[in-house]
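Try each one before you read its solution.

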Amino acid sequence: MSSSKQALAHPASSAEAASGTSPGAARGARGRGAPAAPDSWRSRLYRWDMKASPYAFVAPFFILFGAFSLVPLLYTAWYSLHDVQLSALDHQTWAGLDNYKNLLSSDFFWNALKNTLSIGVISTVPQLLAALALAHLLNYKLRGSTMWRVVMLTPYATSVAAATLVFTLLYSWDGGMVNWVLHFFGVDPVNWRESDWGSQFAVSSIVIWRWTGYNALIYLAAMQAIPADLYESAAIDGANRWQQFRHVTIPQLRPTILFTVVVSTIGATQLFGEPLLFGGVSGSKGGSEHQYQTLGLYMYDQGWIIGNLGKASAIAWSMFLILLIIAAVNLLLTRRLRKSQ
Amino acid sequence: MRTSIRRSHRLMALTAVAALTTGLLAGCSSDSDDGTSDNSGGSGGSGRITLTIGTFGVFGYKQAGLYDEYMKLHKDINIKENVTTRTDVYWPKVLTRLQAGAGTDDVQAIEVGNITEAVQTQANKFVDLGKEVDKSQWLDWKLAQATTKDGKTIGLGTDIGPMAICYRKDLFKKAGLETDRNKLAAQWKGDWQKYVDVGKQYMKKAPNGTKFVDSASSVYNAALGGAETRYYDKDGNIVWDKSDGVKKSWDAAMAVATSDMSAKLKQFDKPWDQGFANGTFASVACPAWMIGYIEQKSGDAGKGNWDVAAAPTAANWGGSFLGVPTAGKHQKEAIELVKWLTAPEQQAKVFAKQASFPSTPSAYASLKPAADTTAYFSNAPITQIFADSAKTIPVQYFGVKDQPINSALTDVGILQVEQKGKSPEQGWDAAKNEIKDVLGQ
């Protein structure tokens, strides 16, 4: 078991190492091989090139990251400590932690947090289970396997807007296909947009539809890295397909599963486009009782509809802190996982 | 991975944008360096100035051929319209650009729900258009809405939204109601509750699968559009929960929401459009700008079945202004364009195209709706009905948070009662909490 684990881990790390060092090494070799006298401008140029080039190559990312991620992040923090209105961006008055206090005592904030969590669970759990099952099926020898994989990835390639608009029509109260189908089973039409659980389910279904194939591909890639001899020896020991899946595949996939859980959780925390568009007109309210208003929607509603940017920034930072907590939990889990193996 | 992929896509896009912008900026600066700065609007070497005009929804200028006409009259002008469909997306964008002093269009449209915010917070970012025109051309209340306390007019009125009731004659007939527009108007004259009473009558014999009205919110908005006080008094104090207008409009909406007469649709939502197409509701409070919308969405099936009657009270709903931001590069040309577009003759042309009702009374005498439209609405004297309403609309005062407050009452309060079966008291309380949140109380 442990040797195979190493086998799984090795290609990745060695590939990383190779890609990390080889360009520098190659350049270094060439630099040394250059027939230039020491201290000539040419050799100085070479040395300077050797030292500076790597930084120059990675600089674009960090410049863009700084300009479009880090600065806004810090500026948002600054905003969150002020009373800022959208119509008067230059008149910021210091508010200290008022915006945060306001959030903690606001029913709307807790409601949004609760919705974010519940929609997150309803969408992530079935999505990952379905992805696992799909990946397992695709791992068998199939005719036209490439086609199946492409088909699975199509939902991921469609835009959120297009997908949500179609789903909104499907879930439409009268004349929607979902209610039409339910009608055949004698179920009364559901007001998907306004009912409490119905709306959350509807929003989750859009997320599930879009992301299941994507996760399935990640699982599939990991499954194909599992050495075949593990299955062979399991088969010799008399394990059937299900037992092989449970006792060989799942343990081997553990790091991958953890990875997808973390990524999906981050995605769920930031859920925004689907509920916004699902709500149609004034979608940022997330329903008349805010029954599917996520944190992202609440932030948007506060900032751009109501125009209270200070509070919206506080919500943004609260979301960021929540993500940090999730990251920390993830780190702990991974450590424990490594130790237990 | 999900986020990092998204982010890397965004990064790629940003890189592309950054590269393009630098290119463009370089292009612009070199343009102004060689002394042809007037042409730097990206118009190329033809020596034409490109004016951009930022609008939302469907203003109808393009559809009525006004841009082409203006460009023919002014060979040196090229007009480009930047349309954002929804005002709630359009306005925040405009606000940030105005304050940044960059990125605004040469002409910027302002919706009536945002005009007070613009007047009170952005007046110094707009050119004073009052000096450029004969202000007496506009309806007094329209002009007043775009004028600051010290007399600066930041936007010229385009259309207004005088109110009428559009109803399906055929459905009314089947339900055994009066179908004559004058007699109907007399039945509900003066009070929206009377309109609701007609609805109750309709529901007694309603044709299968139809309701009397599209939504409770539309009744609320229509009734509030005729009230003396909305959410703010004339000094800018918030009085929404003491306002008589809000109270009465709320009660009318509650009468609709708690009965069975509403199709429970959300206006401007897809199902609402389908409701027009399938004829699932028999009447709707229709401001002038909705006439074209109804014609388009109801399609052939509605032709000749729709009729228009005067609304219970004279009311206004919607309408816009055109302003010229001081950040614009071609202010002189932009002012000329705005003057021309908002002149009575041009407003009459837009009316002929899509029935957007002029805010300049001198146009009323010459207003002719398109022949199609008149036929579609059973030859109703549309011009007359809307003009009568327009002349008696009370002066209304708006406030900075007018739109979010309105949305709290309609999209939270009324919707809860209408679609979730809450009691009117519960709906009111929910709206109240929402408004507290809006006002940061």
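The end C-alpha atoms of residues 150-173 of chain A lie 33 Å apart, and the span is 79% helix and 0% strand. Helices here are DSSP runs of H or I with at least four residues, strands are E runs of at least two, and both are numbered from the N terminus. This is a predicted model, where local features need pLDDT of at least 70, side-chain atom pairs count only at pLDDT 80 or more, and totals for chains, interfaces and linings use all residues. Residues are numbered from 1 along each chain as its sequence is written, with chains lettered from A and ligands numbered from 1 in the order in which they are written.

**Exercise 1.** Work out how far apart the end C-alpha atoms of residues 52-75 of chain A lie.

**Exercise 2.** Is B:Val219 buried or exposed?

*Solution.* Next, apply the cut-offs: buried takes 20 or more other C-beta atoms within 10 Å, exposed 12 or fewer, partly exposed in between, with C-beta atoms placed from the backbone. B:Val219 has 29 C-beta neighbours inside 10 Å, so it's buried.

**Exercise 3.** Find how strand β8 (residues 316-323) of chain B runs against β3(B).

*Solution.* Strands pair if DSSP finds at least two bridges between them. Four bridges join β3(B) to β8(B), and the two run antiparallel. Within this pair, B:Glu111 stands opposite B:Ser320.
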